[in-house]
Amino acid sequence: MALLTALFAFLYHLPQVYKWLLKPYYIASLFMSIAFLLVRKTPGICEHLSTQREDGNSCDFDWREVEILMFLSAIVMMKNRRAITIEQHLGNIILFCKVANVILFFRLDIRLGLLYLTLCIVSLMTCKPPIYMGPEYIKYFSDKTIDDELEKDNRVTWIVEFFANWSPECQSFASVYADLSLKYNCAGLKFGKVDIGRYSEVAKKYRVSTSPLSKQLPSLVLFQGGKEIMRRPQVDKKGRAVSWTFTEENIIREFNLNELYQKSKKLGKTKGEKFERPSESVFAPVPEEEEPEAETITAMDTESKKDK
């Protein structure tokens with residue numbers, strides 16, 4: 001049953017897979033991932049390679065190479081258990097295939113190992129993973145705009161992603177976060193992003209570590225009235241992130257997005273307000289959960305008329 005589910009899921013996403021594989025990054029990564037296989041199996045090349053096989057066939061894997069490949073397969077399966085997107089699955093496979101190729105080439109010939117390692121470094125510097133460019137209702141902050149936007153209207157709730165472009169986890173999460181913004185963006189519930197890899201002062205102020213060892217990237221923080229209400233992943237006293245999976249279901253449940261959205265949507269319609277995209281500079285006001293008394297509203301209206 002599990003195999004059938006995986007097969008149907010693969011067939012469902014097959015058009016997307018073709019689009020990704022046609023991008024330069026995935027084309028280069030594919031050839032880098034199967035480089036040792038091509039060298040070992042290509043006639044005219046494999047005959048000149050050394051081998052530990054008893055039959056002396058240098059165009060086939062020896063027992064040590066098979067052992068390394070089996071160990072690689074086990075690691076990829078364990079790593080992909082926590083992958084939530086196809087990009088993460090492909091990224092894990094590509095990463096560990098390159099690691100296995102480095103080991104196999106160095107074991108075969110140190111010159112081939114150095115050549116392959118050089119190609120990996122050049123590929124890493126020239127071919128960047130494709131960035132999500134699909135539709136989204138997300139406002140991108142800088143170090144100068146984030147505080148003003150969060151404090152601009154105390155009645156607006158913000159969910160802000162703190163990310164870094166170099167983080168594979170952030171790159172994989174981009175499509176999930178974009179889908180959430182398309183589903184839940186409204187007048188009183190906004191989605192934002194800030195690149196703390198670029199704005200280090202923002203990372204310090206909001207206590208998000210950019211170190212890969214901290215595992216705090218990405219971080220989702222819920223702001224209400226300009227103040228932090230909650231964040232995921234949580235951080236313990238030692239500054240380490242508590243393990244948490246960034247699936248769409250987990251985010252909807254932990255941040256109570258359905259209730260937040262319905263409340264904001266209902267109140268927005270009551271006021272006759274139009275929902276706007278986060279990219280626009282004017283945000284429609286949304287009343288707070290506790291409605292002010294009638295006398296207070298009358299007094300506020302009177303004062304505003306006097307000011308005018």
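How many bridges join β1 to strand β3, and in which sense do the two run? Three bridges join them, and the strands run parallel. The model is predicted, with local features requiring pLDDT of at least 70, side-chain atom pairs counted only at pLDDT 80 or more, and totals for chains, interfaces and linings using all residues. Residues are numbered from 1 along each chain as its sequence is written, and side-chain values use heavy atoms, with hydrogens and water left out.

Helices (H or I, at least four residues) and strands (E, at least two) are DSSP runs, numbered from the N terminus. Strands count as paired if DSSP finds at least two bridges between them.

β2 and β4 are joined by six bridges and run antiparallel. V160 has V221 in β4 as its bridge partner. β4 also pairs with β5, antiparallel, over five bridges. Here F223 is partnered by E228 in β5. The two strands form a hairpin with two residues between them, and G225 in the turn has a positive phi of about 65°. Five of the six residues of β4 are buried (under 20% relative accessible area; exposed is over 50%, partly exposed in between; 1.4 Å probe, protein chains only).

S181 is buried, with a relative accessible area of 0%. Its contacts (heavy atoms within 4.5 Å) are E136, Y137, I138 and F191, not counting residues up to four places away in sequence.

A nonpolar patch on the surface comprises F106, I110, L114, L117, I121, L124 and M125, with about 700 Å² of accessible area together. Areas come from the Shrake-Rupley method with a 1.4 Å probe; for residues, only the protein chains shown count as cover. Patch residues have over 30% relative accessible area and no salt bridge; like charges are joined within 9 Å, nonpolar side chains (Val, Leu, Ile, Met, Phe, Trp, Tyr) within 5 Å. A salt bridge is a side-chain nitrogen of Lys or Arg within 4 Å of a carboxyl oxygen of Asp or Glu. Helix α7 (residues 110-126) supplies the largest share, six residues. I121 lies in α7 and is partly exposed, at 47%.
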